[in-house]
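Dear colleague,

My notes on it follow.

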Amino acid sequence: MRVLLIGANGYLGRFVADRLLADPAVQLTALGRGDDADVRFDLASGSPGALTRFLDAVHPGVVINCAGAIRGGARELTRQNTVAVATICEALRRSGCGARLVQIGCGAEYGPSQPGSSTAEDAVPRPGGPYGVSKLAATELVLGSGLDAVVLRVFSPAGPGTPAGSPLGRLAEALRRAMQASDGELKLGGLGVQRDFIDVRDVARAVHAASLSAAQGVINIGSGRAVRLRDAAAVLARVAGYGGNLHELDGPPGPMRTAIGHPRTEPEHPAPVAYPYPDGCGSWQQADVRTARDRLGWRPRISLEESLADIWMEAACRI
């Protein structure tokens, strides 16, 4: 099976590439903007015609799109997450390869949900920020393209390679600094949100399964269990062997605070922080993952504790 993987050097794309390369039946070609890609191509600025010519030459059976941006202004997010997908869809429509498209969406497309609920694929999306809007627009383009396509809405990925700027990455970095400074108290804020964390290696397994299946439409990829960020912080502290106290700060944001991890040199009286989680999904998000089980034969295998241990191992290497 010839597979064209777009975004192979990204956070999710690296693990998808590893998973596909482990399958002897897959012949993998990586397309991206970096020098390490087999073919260099910028989806946000390249023409559909140029991509069509490449598709006709390579003739993949499956195209997997892991590329995109998670940070930046609305304009950049739209270019990288929406315009890029429009280019892929148009190129596939023009091409004679007949490839199946596996698009990586995100749980942020749903926006805030009712605490205690599980979000199924038929929920009405109401994204709470430009990132979710740009990804939802991409999903709508894929679903309306007439292609053989499936969109995997990945909730909150975790595990090795977690970006240092993500909430879990910042937690690990705050612990690293506290342990390096022999600080007996770690002040943390913004830990009240609950998210559905899913290991990136389980996500890669889901992408592999989707590429082999005939499933179409939207499929949620998550653990099916919401976890409070403060509980994730406690697990991180345990696997790190941190013997100090975790002091949680709540209340309105103060000008001298950061969202996670506060230096001891800060003033004593500024109000603690309770910054919103950066995905625009409010205080709660939990995936209903029955569709992934029924249509892909997929279930998560890796526990959150293992994911957090791997995040800590990478942070500890910086000590």
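Seven elements each supply at least two residues of the lining of the largest pocket: α1 (11-21), β2 (27-32), α3 (74-94), β5 (100-106), α4 (130-143), β7 (156-158) and α5. Please bear in mind that this is a predicted model.

The space in this largest pocket amounts to about 1,100 Å³. Its lining comprises 47 residues, and those nearest the centre are Tyr11, Gly68, Ala69, Ile70 and Tyr131. Sorted by class, the lining of the largest pocket consists of 25 nonpolar, 16 polar and 6 charged residues.

I would also draw your attention to the backbone at two positions. As background, most residues other than glycine have a negative phi.

Histidine 59, although not a glycine, has a positive phi of about 55 degrees. This histidine 59 is located in the loop that runs between α2 (48-58) and β4 (62-65). Histidine 59 counts as partly exposed because its relative accessible area is 40%, a value between the limits of 20% and 50%.

Serine 182, likewise a residue other than glycine, has a positive phi, near 55 degrees. The loop between α5 (167-180) and β8 (185-189) contains serine 182. With a relative accessible area of 67%, serine 182 is classed as exposed, since the cut-off for that class is over 50%.

Yours sincerely

Terms used:
Residues numbered from 1 in each chain as written. Predicted model: local features only at pLDDT ≥ 70, side-chain atom pairs only at ≥ 80, totals over all residues. Heavy atoms only, no water. Helix = DSSP H or I, 4+ residues; strand = E, 2+ residues; numbered from the N terminus. Buried < 20%, exposed > 50% of the residue type's maximum accessible area, 1.4 Å probe, protein only. 1 Å grid on protein atoms, 1.4 Å probe; cavity = no way out; pocket = protein on both sides within 12 Å on 5 of 7 lines; lining within 4 Å. Points joined across faces, edges and corners; volume = space filled by probe spheres on them. Nonpolar A, V, L, I, M, F, W, Y, C, P; charged D, E, K, R; others polar.
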